[in-house]
Amino acid sequence: MSNLSTKIKIYAANNGVSEIDFTKDVLIQDDMISGVSNPYIREWNLDIAQPTDAQLAAVENDADKEEANQIVIANRKSAYGSPEDQIQNIVEKGLEFEQNRVAEIKAANPKQ
């Protein structure tokens, strides 16, 4: 199950809003009930209608995919190494070597 903030980002993007500040535009509160997380929208300050539970549920699959892809991207970045490391590979081993290495990292960490 994806995070409420991710579902809100996708709902907003689908309705023409690309940037959300979760300290001003949308405030999320999580009232734990018997140790179970229960996040909800406490305040909505965007110029589009606040989503209903059904509208948020409708973007659940897209939100799950987005969160999974963010993990893949983080794994790829870690495997790529720093920009300095990548440049050093190119200088010492050649561009083709680095391109092949990057392709192997992408193949090992596919996006959904």
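Which residues of helix 1 are buried? They are Leu-4, Thr-6, Lys-7, Ile-8, Ile-10, Tyr-11 and Ala-12, where buried means under 20% relative accessible area with a 1.4 Å probe and protein chains only. This is a predicted model, in which local features need pLDDT of at least 70 and side-chain atom pairs count only at pLDDT 80 or more, while totals for chains, interfaces and linings use all residues. Residues are numbered from 1 along each chain as its sequence is written, and side-chain values use heavy atoms, with hydrogens and water left out.

- Helix 1 spans residues 4-14; helices (H or I, at least four residues) and strands (E, at least two) are DSSP runs numbered from the N terminus.
- The cover over the buried residues of helix 1 includes strand 1 (26-30), strand 2, helix 2 (53-58) and helix 3.
- The largest nonpolar core has twelve residues, among them Leu-4, Ile-8, Tyr-11, Ala-12, Trp-44 and Leu-56. Such a core is a set of buried Ala, Val, Leu, Ile, Met, Phe, Trp, Tyr and Cys residues joined through side-chain atoms within 4.5 Å.
- Helix 1 and strand 2 (39-44) are the elements that give two or more residues to this core, and the largest share, four residues, comes from helix 1.
- Ala-12 touches Val-17, Ile-20 and Ile-48, leaving aside residues up to four places away in sequence; contact means heavy atoms within 4.5 Å.
- Gly-16 follows helix 1 and has a positive phi, near 85 degrees.

**Helix 1 against helix 3**

- Helix 1 and helix 3 (residues 60-80) pack at about 110 degrees with axes 9 Å apart. Axes are lines fitted to C-alpha atoms, for helices over the stretch in contact, and angles run from 0 to 180 degrees between N-to-C directions.
- That angle makes helix 1 roughly perpendicular to helix 3, a class that covers 65 to 115 degrees.
- The contact is formed by Thr-6, Lys-7 and Ile-10 of helix 1 with Glu-60, Asp-62, Ala-63, Glu-66 and Glu-67 of helix 3.
- These contact residues divide into two nonpolar, one polar and five charged; Ala, Val, Leu, Ile, Met, Phe, Trp, Tyr, Cys and Pro count as nonpolar, Asp, Glu, Lys and Arg as charged, and the others, Gly among them, as polar.

**Helix 3 against helix 5**

- Helix 3 and helix 5 (residues 95-108) pack at about 150 degrees, and their axes are 10 Å apart.
- The two helices are therefore roughly antiparallel, the class for angles over 145 degrees.
- Arg-76, Ala-79 and Tyr-80 of helix 3 meet Arg-101, Val-102, Ile-105 and Lys-106 of helix 5.
- By residue class, this contact has four nonpolar, no polar and three charged residues.

How values were computed. Buried < 20%, exposed > 50% of the residue type's maximum accessible area, 1.4 Å probe, protein only. Parallel < 35°, antiparallel > 145°, perpendicular 65-115°, else oblique.
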